[in-house]
Amino acid sequence: MVWCAQQISENEQAAATASGQTLTVLMERAGAAVFARLQTRLPAPAHVGVLAGKGNNGGDALVVARLAREAGYRVSLYLPAQPQSMSEARQHAWQRWQQSGQPESVPLAALEDCDLLVDGLLGSGFTPPLRNDMQQWIERINAWHKPLIAIDVPSGVCADLTDTQHTAVMADECVSFIAHKIANLSGPTTNFRRHLHLDTLGLDRVFTHYAGKPIAITYCYADLPPLPRRRAAMHKGAAGKLLCVGSSKSMPGAIRLCAQAALRSGSGYVKVMCDPRHHHTLSSVAPELLLSDFTDLDEISWCNSLAIGPGLGQTETAQQVFKAAVSYACQHDLPTVIDADGLNLLASGALSLPRDCVLTPHPGEAARLLNCPVSDIEQDRLGAATALATKFKSTVVLKGAGSLVVTPTGAFICRDGNPGMASAGMGDTLT
């Protein structure tokens, strides 16, 4: 589950108390979780550089530094500045570090010789903008190209935003606490960490009670129930009749990818409505496809589900076909997926959509649908997907790293996928 940073900060004390713990104990557990990751990366007596900021994130870092020193690591601690006031938990961590007999702080430059860095500068309480001096420190740290473990979120990343307009610490690993933060799961901010680990600090069940409804739920393919098994006497007429609408003159492959994916997913019948010049190619690679062209609008009434948009184009003919298909889907409440040029056509004019409709935009298409810059979409992907779902009364799949699915029942973040999926035709196959 995913909560915003405010929900976590406002409810962790109550959850800890209900679990018979204190925030000091939670800080010790958090530091121990990070130290455990450190130990898996390199053994003592390696040289570890720890960056400890003013807040509780810095307190977690102080615990890491103390545990590393006690385990035989050589530790260099960098403190940008000591806070005038600090929480009881951080004060406790600071006192225990001082009792370990280490110097209070070293210059930032001294960390360049370290074998690994631990980032505890800012944490999930950070809100933009980033101070100039902090940005300079982060750029300097990144230039060293050292293995780095970030505590909770990489410094420079706001836990509630999915993009940043400045630099942030590049982490090999990020250890997050209590609950996932959306910045670690979706959008360009995932570029700042390679591997993500969550430690609930033993609060997962009780925290849910106090924090209330999460802003999103994570899932992966393994979490989904299997499709129902087909009956032994199943026939193709009972497995759906899908009409795929797309591929104008210049984009013959898009609707082929869409249609073949539908066939391989189990659709009983698949018909393609496209530019007739593509019919020969389609029939040669997938002879089981039924074919139609843009002049046969009556053929739309043949189907009981629709996929509209891959390669469709934005010509006058495309607009006519799009409006006719969506209108028929509305009249008969057909399950419909709209993607690619279908989304661009939708952005160009108001149009009622069927009740069971799924929109699958990438950030650029989402920006056109909401009439805003792409940067606005990427900075708050959950907000953008929610706005689209509300505006079009549809389920929205906002594609990208950590694809978001917003439905009438809530928001979901997909944990599957990889950067290799950034390839032409992947979206058509998804449709």
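Analyst: Two strands pair if DSSP finds at least two bridges between them. Helices and strands are DSSP runs numbered from the N terminus, helices being H or I of at least four residues and strands E of at least two. The model is predicted, so local features need pLDDT of at least 70 and side-chain atom pairs count only at pLDDT 80 or more, while totals for chains, interfaces and linings use all residues. Residues are numbered from 1 along each chain as its sequence is written, and side-chain values use heavy atoms, with hydrogens and water left out.

User: How do you know that strand 15 pairs with strand 16 (residues 410-414)?

Analyst: Four bridges join strand 15 to strand 16, and the two run antiparallel. L404 stands opposite I413 of strand 16. The two strands form a hairpin with two residues between them.

User: What makes strand 14 (residues 395-398) a partner of strand 15 (residues 404-407)?

Analyst: Three bridges join them, again enough for a pair, so strand 14 and strand 15 are partners. The strands run antiparallel, and V397 has V405 as its bridge partner in strand 15. Their hairpin has five residues between the strands, and G400 in the turn has a positive phi of about 130°.

User: Why are strand 2 (74-78) and strand 6 (193-199) called edge strands?

Analyst: Six strands form an open sheet with parallel pairing, in the order 2-1-3-4-5-6. Strand 2 and strand 6 each pair on one side only. Inside that order, three bridges join strand 4 (residues 148-151) to strand 5 (residues 171-177), with A150 opposite C174.

User: Why is helix 9 (residues 316-332) said to reach a length close to the expected one?

Analyst: The expected span is 1.5 Å times one less than the number of residues. Helix 9 has 17 residues, giving an expected 24 Å, and it reaches 25 Å from its first C-alpha to its last.

User: What makes the buried residues of helix 9 line one face?

Analyst: Buried means under 20% relative accessible area, exposed over 50% and partly exposed in between (1.4 Å probe, protein chains only). In helix 9, A318, V321, F322, A325, V326, Y328 and A329 are buried. Down the helix axis they fall within an arc of 160°, so they line one face; the arc is that of the directions from the axis to the C-beta atoms. The face turned away from the buried side carries the exposed residues E316, K323 and Q331.

User: Against which elements do the buried residues of helix 9 pack?

Analyst: They pack against strand 8 (241-245), strand 9 (269-274), strand 11 (305-308), strand 12 (336-338) and helix 10 (341-347). Contact here means heavy atoms within 4.5 Å.

User: What makes a set of residues a nonpolar core, and how many residues has the largest one?

Analyst: A nonpolar core is a set of buried Ala, Val, Leu, Ile, Met, Phe, Trp, Tyr and Cys residues joined through side-chain atoms within 4.5 Å. The largest has 65 residues, and L306 and L359 have the most contacts inside it. Helix 9 gives the most to this core, with seven residues. Leaving aside residues up to four places away in sequence, L359 touches I338, L343, L346, L353, F392, S394, T395, V396 and V397. A second, separate core of 44 residues includes V50, A68, I149 and V206.

User: Is I178 buried or exposed, and what sets its backbone apart?

Analyst: At 6% relative accessibility, I178 lies below the buried limit, so it counts as buried. Most residues other than glycine have a negative phi. I178 is not a glycine, yet its phi is positive, about 70°. This residue sits in the loop between strand 5 and strand 6.

User: Where are the cis peptide bonds at P45 and P129?

Analyst: One joins A44 and P45, with omega about 10°, and P45 lies in the loop between helix 2 (23-41) and strand 1 (47-52). Another joins P128 and P129, with omega about 5°; P129 is in the loop between strand 3 (116-120) and helix 5 (132-143).
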